[in-house]
Amino acid sequence: MKAPPTFVGLPVIPPNDPSLNAASPTPRAIRQTLEARSQPEGAGATVRRSIGTPRLRHLTPFLLLDHATISPGAGFPDHPHRGQETITYILSGAVDHEDFAGNRGTIYAGDLQFMTAGRGIVHAEMPHEDGTGRGNEGMQLWVDLPRELKETEPRYRDLRASEIPRVTADEGRVGVKVISGRSYGVDSVRELAYTPVWLLDVTIQAGGRFRQALPAGWNAFAYTLEGTTTFGTGATRQEVARYHNAVFEQKGDQVLAHVPADAKEAARFLLVAGMPLDQPVVQYGPFVLNDASGVRQAIMDYQSFQNGFERAEGWQSEIGRAMV
């Protein structure tokens with residue numbers, strides 16, 4: 001059996017980071033809020049996209065954020081990637097995946113898959129049919145790869161819900177799934193994404209207050225899944241409703257959030273931060289390179305089954321056959 005490729009990612013928790021060790025941390029202000037509006041995607045799927053739109057094309061290292069709903073019979077049949085990573089988080093239901101290298105499996109509610117496309121992958125992502133006819137809901141985040149890792153071999157890391165540390169704070173009114181990074185002194189598992197990314201699933205009950213330090217200078221946003229969250233931005237406060245993305249300023253050490261004591265429901269959001277990459281982004285669909293010539297080469301390689309796409313010739317996924 002072929003050994004998995006060596007993990008060459010950077011530290012997800014930067015040592016001696018000034019914001020993580022600040023004696024008097026300052027809150028980050030919100031730079032922009034945008035509603036994630038529904039649009040069709042794939043074959044019969046619906047997504048709410050907030051990053052990767054004309055309103056927010058990129059937020060280095062982030063390329064795209066989709067909140068997807070996939071009904072039975074819909075999905076994302078065989079398609080290629082090069083030059084980026086995808087992080088898929090299943091909120092409800094389950095999703096099957098399969099690629100041209102023979103990798104296949106299923107991730108269920110609460111599970112994640114970290115996929116590094118690197119030099120090239122062709123795969124399919126389809127709802128797992130359990131006979132109930134229920135739909136599936138999940139998040140997918142595309143993360144850019146550093147220039148020196150664009151040609152790395154493809155890699156998968158499935159993260160099961162049972163592996164994710166959880167922490168409670170503020171007398172039980174705050175709960176955090178520490179998917180990647182650190183929260184309230186609890187560290188996530190390591191060796192997930194090559195590009196350093198923090199990903200926290202935060203729930204705040206009425207009257208709860210949440211405080212989260214983030215690495216200095218990293219780009220960060222909060223995507224609201226449930227309820228309304230009030231973010232403290234220093235001198236002011238800002239309410240952010242469900243299905244909105246709040247993009248924070250780079251300046252500051254921490255994110256502050258709370259839910260008023262008289263709120264009718266809890267709030268839930270994904271807090272995401274990533275190390276900016278100082279490099280140009282040229283994207284054509286699923287190909288993300290640093291210049292136009294790299295994109296043209298990716299298209300040529302995919303069409304001619306070379307330089308990472310050799311196994312695409314004649315390959316068709318089993319799970320995607322129903323869509324053909």
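Which residue in β10 does H97 stand opposite?

A: H97 stands opposite E125 in β10. A word on the basis comes first. This is a predicted model, in which local features need pLDDT of at least 70, side-chain atom pairs count only at pLDDT 80 or more, and totals for chains, interfaces and linings use all residues. Residues are numbered from 1 along each chain as its sequence is written, and side-chain values use heavy atoms, with hydrogens and water left out.

Strands here are DSSP runs (E, at least two residues), as are helices (H or I, at least four), numbered from the N terminus. Two strands pair if DSSP finds at least two bridges between them. Strand β7 (residues 94-99) and strand β10 (residues 121-127) run antiparallel, joined by five bridges.

Both belong to an open sheet of four strands, ordered β5-β10-β7-β8 with antiparallel pairing. β5 (76-81) and β8 (104-108) stand at its edges; each has a single partner strand, so one side of each lacks a neighbour in the sheet. From one strand to the next, the twist averages 25° (axes are lines fitted to C-alpha atoms, for helices over the stretch in contact; angles run from 0 to 180 degrees between N-to-C directions).

Another open sheet has seven strands, in the order β1-β22-β19-β24-β17-β14-β13, again with antiparallel pairing. Its edges are β1 and β13 (166-169), each with a single partner strand, so one side of each is left without a neighbour. Here the twist averages 20° from one strand to the next. Three bridges join β19 to strand β22 (residues 244-248), and the two run antiparallel. F221 has V247 as its bridge partner in β22.

The largest nonpolar core has 29 residues, of which F62, L112 and F221 touch the most other members. Such a core is a set of buried Ala, Val, Leu, Ile, Met, Phe, Trp, Tyr and Cys residues joined through side-chain atoms within 4.5 Å. Buried means under 20% relative accessible area, exposed over 50%, partly exposed in between (1.4 Å probe, protein chains only). Strands that each supply at least two residues of this core include β4 (62-70), β9 (112-116) and β19 (219-226). A second, separate core of 28 residues includes V202, A222, V259 and A267.

L112 has contacts (heavy atoms within 4.5 Å) with residues including I87, Y89, I107, L159 and L199, leaving aside residues up to four places away in sequence.

S24, by contrast, is exposed, with a relative accessible area of 62%. S24 sits in the segment before β1 (30-35).
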